[in-house]
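Please examine the model shown below. The paragraphs that follow lead through its charged pairs, one of its helices, its core and its aromatic rings.

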Amino acid sequence: VETAIQVWGHHEGVKNSQSKTPQESETRPTVRMFTLLIQAYANARELSGIQEVLQEFMEQERKGTILDGRGQQPIEEIMRYVQGLFTEVLHAYIAAGSPDVALKLLDEMTAVSQDDAAIPGSLPQVSSNVVARCVFALVTNSDFDRALQLTSEIDSKFANALDEEERKMARSQSLEYVINEAISKLNVDVLVKALDMLPPVIPESKFLEEEVSALAATVSRALHVLANQERIPVDAVLHLLHAFDVPQVRAEMSSQTPITSILDACFQRGAPQDALVVLKYFADVDHFEYKDIARILRDHRSELISLTADFEDALTTTALLARYGCSPSRSDALELVTQYGNFPADTFKWTPERVSTMLTIFEGPADAVEAESLQGEAARDYDAVLERFVRDLGAAATAGLVIRSTDLGRLANIVSLRKGEEQARAVMLEIFGQDATAPLFTDPVSANLASELGSDVLGAASEASTAPTSVAPTFQIDRRLSA
């Protein structure tokens, strides 16, 4: 501080000297000089010095003696300089141990109009950056309570001074500062509160472009800290997944978020429905914890499937589980097969992905035949629904559904396990014979299969013996690939 005062004193002495040169007579202070002097007093925690420098600045601004660019630069640029100085003043008051003085000044700036702010020597208007930097100063000085309170009041306190997107920016930047500082100080309670205050992301907004990467990375770091402390706040996590429901954010978070710990926390508190929300959020992105996630899901797959409201919902959950290599248990699969049998065929919307999921459902009980665990009425019911499935799939293919060749092989495997290879060959020939009007066979393997099956064979199983003998090896190859 003493050195800064000496430099300032030398500047003032030259300016006021009677023997100054023509060059020295043009010596004028700058906004930057006042800013540095305020920082010096802040480092020394001298409140009176800060206030004295601020008063001097405003007086010289009114007199027009400060080299601030007036006349050479747009007024908006000059106001940004002044705004930057007052940001330092707020930081200095807080650093000097006077946060209440800083918050009072912030309130005064909030009431300043744009016209008033343009008058030399007046207070500047508040901005999203000014608010966020004030929060930063508070958390830097470990005043998390005031920082969180100010952040929570942004929408109400600055409703007239900042527009909606500026308030959202201020809140997000402020929370990023709070979270980063809480991480460095390992303040778990503050982390939980801050995560629960995250505002929703506005798609295609300035906020998304400028803040999403940094904020998503910060949130992921916070979740790792909480995971290490075994303090995953499930409610706060669900809130932030809702707030960050934007594809770009999901991609940013997927590679860093401790999904395994979050899922564990959901199941430990007996909330599989929350685990399902987490799974759906990250459904479209890859994750480094794949094996650990799969392990957890295998232990809880029946719980997750039981949550579903209807068959289509159950199919979505089954697809999520299959993504991690978790097929439904045989009992769950049989229940899903029964649900499909009762589902109106004309309302079911087929996609290649749904075909794969349905095959996953049918495969479990089909494999159980080899263990002789599917018998009697259960076996008859399964076979009846399987027959409907094959017919439905054939109708969908005729209507234009593209079925992957590997999935055709899987279907042949299932029918073969139930009816034997000869009848499986006949069924596939009858239902999926080549049809020039349906774009079914779209890759080399399927095209070869189509040419071998023939073009117009709708006969019964007894006619299957007339099919080319080379059909069987095609299914054999697909069966090995599927296995």
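Lys-280 and Asp-313 form a salt bridge, their closest N and O atoms being 3.9 Å apart; the term denotes a side-chain nitrogen of Lys or Arg within 4 Å of a carboxyl oxygen of Asp or Glu. Because Lys-280 lies in helix H17 (residues 272-281) and Asp-313 in helix H19 (residues 311-323), the pair ties together parts that are 33 residues apart in sequence. Helices here are DSSP runs (H or I, at least four residues), numbered from the N terminus. Lys-280 is partly exposed at 40% relative accessibility, and Asp-313 is partly exposed at 23%. In these terms, buried means under 20% relative accessible area, exposed over 50%, and partly exposed in between (1.4 Å probe, protein chains only).

The model is a predicted one, in which local features need pLDDT of at least 70 and side-chain atom pairs count only at pLDDT 80 or more, while totals for chains, interfaces and linings use all residues. Residues are numbered from 1 along each chain as its sequence is written, and side-chain values use heavy atoms, with hydrogens and water left out.

The structure holds 21 salt bridges. One of them joins the side chains of Arg-146 and Asp-143 at 2.8 Å, N to O; Arg-146 is partly exposed at 29% relative accessibility, whereas Asp-143 is buried at 16%. Another links Arg-404 with Asp-407, the closest N and O atoms being 3.6 Å apart. Arg-404 is partly exposed, with a relative accessible area of 36%, but Asp-407 is buried, with 3%. Through shared partners, salt bridges join Glu-353, Glu-363, Arg-404, Asp-407 and Arg-410 into one network.

Asp-407 and Arg-410 are among the buried residues of H23. This helix (residues 405-419) has 15 residues and reaches 21 Å from its first C-alpha to its last, close to the 21 Å expected at 1.5 Å a residue; the expected span is 1.5 Å times one less than the number of residues. Since 12 of the 15 residues of H23 are buried, the helix is largely enclosed by the rest of the structure. Ile-414, in H23, is buried at 2% relative accessibility. Apart from neighbours within four places in sequence, Ile-414 is in contact (heavy atoms within 4.5 Å) with Leu-359, Phe-362, Glu-363, Ala-366, Tyr-382 and Leu-386. Just after H23, Gly-420 takes a positive phi of about 95°.

Phe-362 also belongs to the largest nonpolar core, which has 137 residues; Phe-362 is among the members that touch the most others, as are Phe-86 and Trp-350. Such a core is a set of buried Ala, Val, Leu, Ile, Met, Phe, Trp, Tyr and Cys residues joined through side-chain atoms within 4.5 Å.

Turning to the rings, the whole structure contains 16 aromatic pairs. Rings of Phe, Tyr and Trp (its six-membered ring) pair if their centres lie within 6.5 Å; planes under 30 degrees apart count as stacked, over 60 as edge-to-face and the rest as tilted. Phe-34 and Phe-57 are edge-to-face because their planes meet at 70°, with centres 5.3 Å apart. Phe-34 lies in helix H3 (residues 31-43) and Phe-57 in helix H4 (residues 47-63), 23 residues apart, and both are buried. Tyr-290 and Tyr-324 have centres 5.4 Å apart and planes at 35°, so this pair is tilted.

Methods: Helix = DSSP H or I, 4+ residues; strand = E, 2+ residues; numbered from the N terminus.
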